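Trainee: I have a model open and would like to learn how to read it. Could you walk me through it, one feature at a time?

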Amino acid sequence: MKIRYDFVTNSSSTSFVIISDGEFNFKDFIEAVGVKNDSTFVDIYKSLFNAFKDDMEPVREYYKRLYQGRYPTFEEFIEGKLWKNGKEILPRILDAEKDGKNVYIGKLSSDNGDIESFFCTDEFIIENENLYIDAQEDGW
């Protein structure tokens, strides 16, 4: 895990992609994070889970609603707009869609409380067999 120590004078955000085998739920999330339900840290991750839930939207709907006019194709949108690793994440998204998985997009914001703000200072991937979260695109 990389932690930033930069000075920030403004609000920031971190964009994320979530790929889920089924419904994005807390049970799968907490298992992927590796925290047990009786851990003292479970409330922190419950807050992070809720932050994801509050801002996630199916990726194709997000593209159509906000960027279809600016990027002629969905692929160009993913590669060009959102991720510095867009060429890496695009095949994962397309494969997930082909396999019938749910793919969501959203952002965490430093304006939405301490825990969400903390996670905006980092780039991270959470992954297990049922869930993949890529939050490596920061907007500092």
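**Reading the strands**

Mentor: Let's start with strand S2 (residues 13-20), which pairs with S4 in the antiparallel sense over eight bridges. Strands (E, at least two residues) and helices (H or I, at least four) are DSSP runs, numbered from the N terminus, and two strands pair if DSSP finds at least two bridges between them. Bear in mind that this is a predicted model, where local features need pLDDT of at least 70 and side-chain atom pairs count only at pLDDT 80 or more, while totals for chains, interfaces and linings use all residues. Residues are numbered from 1 along each chain as its sequence is written, and side-chain values use heavy atoms, with hydrogens and water left out.

Trainee: Which residue in S4 does Ser 15 stand opposite?

Mentor: Ser 15 stands opposite Lys 107, while Phe 16 has Gly 106 as its bridge partner in S4. S4 also runs antiparallel to strand S3 (residues 57-58), joined to it by two bridges. There, Glu 57 is partnered with Ile 105.

Trainee: Which way do the side chains of S2 point?

Mentor: In a regular strand, side chains alternate between the two faces of the sheet. In S2, Ser 13, Ser 15, Val 17 and Ile 19 point one way, and Thr 14, Phe 16, Ile 18 and Ser 20 the other. Eight of the eight residues of S2 are buried, so the rest of the structure largely encloses the strand. Buried means under 20% relative accessible area, exposed over 50%, and partly exposed in between (1.4 Å probe, protein chains only). S4 (residues 102-109) has six of its eight residues buried, so it is largely enclosed too.

**Reading the charges**

Trainee: How many salt bridges does the structure hold?

Mentor: The structure holds six; a salt bridge is a side-chain nitrogen of Lys or Arg within 4 Å of a carboxyl oxygen of Asp or Glu. Take Lys 27 and Glu 31, whose side chains meet at 3.1 Å, N to O.

Trainee: Where do Lys 27 and Glu 31 lie?

Mentor: An α-helix has 3.6 residues a turn, so residues three or four places apart point the same way. Lys 27 and Glu 31 both sit in helix H1 (residues 26-33), four residues apart, or about one turn. Lys 27 is exposed at 54% relative accessibility, whereas Glu 31 is partly exposed at 41%. H1 has a buried set as well: Phe 26, Asp 28, Phe 29, Ile 30 and Ala 32. After H1, Gly 34 takes a positive phi of about 90 degrees.

Mentor: Helix H5 (residues 86-98) holds Lys 98 and Asp 95, three residues apart, and their salt bridge is 3.8 Å, N to O. Lys 98 is exposed at 67% and Asp 95 partly exposed at 39%.

Trainee: Is Glu 57 buried or exposed?

Mentor: Glu 57 is buried, at 17% relative accessibility. The salt-bridge partner of Glu 57 is Arg 65, with the closest N and O atoms 2.7 Å apart, and Arg 65 is exposed at 52%.

Trainee: What is the nearest side chain of opposite charge to Asp 134, which is buried yet has no salt bridge?

Mentor: That is Arg 92, 6.4 Å away. Lys and Arg count as positive, Asp and Glu as negative, and His and the chain ends are not counted. Asp 134 is in strand S6 (residues 131-138). Its side chain joins that of Tyr 132 in a polar contact of 3.2 Å. Such a contact is a pair of N or O atoms within 3.5 Å; within protein, one must be able to donate a hydrogen and the other to accept it, and residues adjacent in sequence count only if both atoms are side-chain atoms.

Trainee: What does Arg 92 lie over?

Mentor: Arg 92 lies over the face of Tyr 132, at 3.7 Å from the ring centre. The rule asks for NZ of Lys or CZ of Arg within 6 Å of the ring centre and within 35 degrees of the ring normal.

**Reading the rings**

Trainee: How many aromatic pairs are there?

Mentor: Rings of Phe, Tyr and Trp (its six-membered ring) pair if their centres lie within 6.5 Å; planes under 30 degrees apart count as stacked, over 60 as edge-to-face and the rest as tilted. By this rule the count is 19 aromatic pairs. Phe 119 and Phe 124 have ring centres 5.7 Å apart and planes at 70 degrees, so that pair is edge-to-face. Both Phe 119 and Phe 124 are buried.

Trainee: Which residues do ring pairs link into a cluster?

Mentor: Phe 16, Phe 24, Phe 26, Phe 29, Phe 49 and Phe 52.
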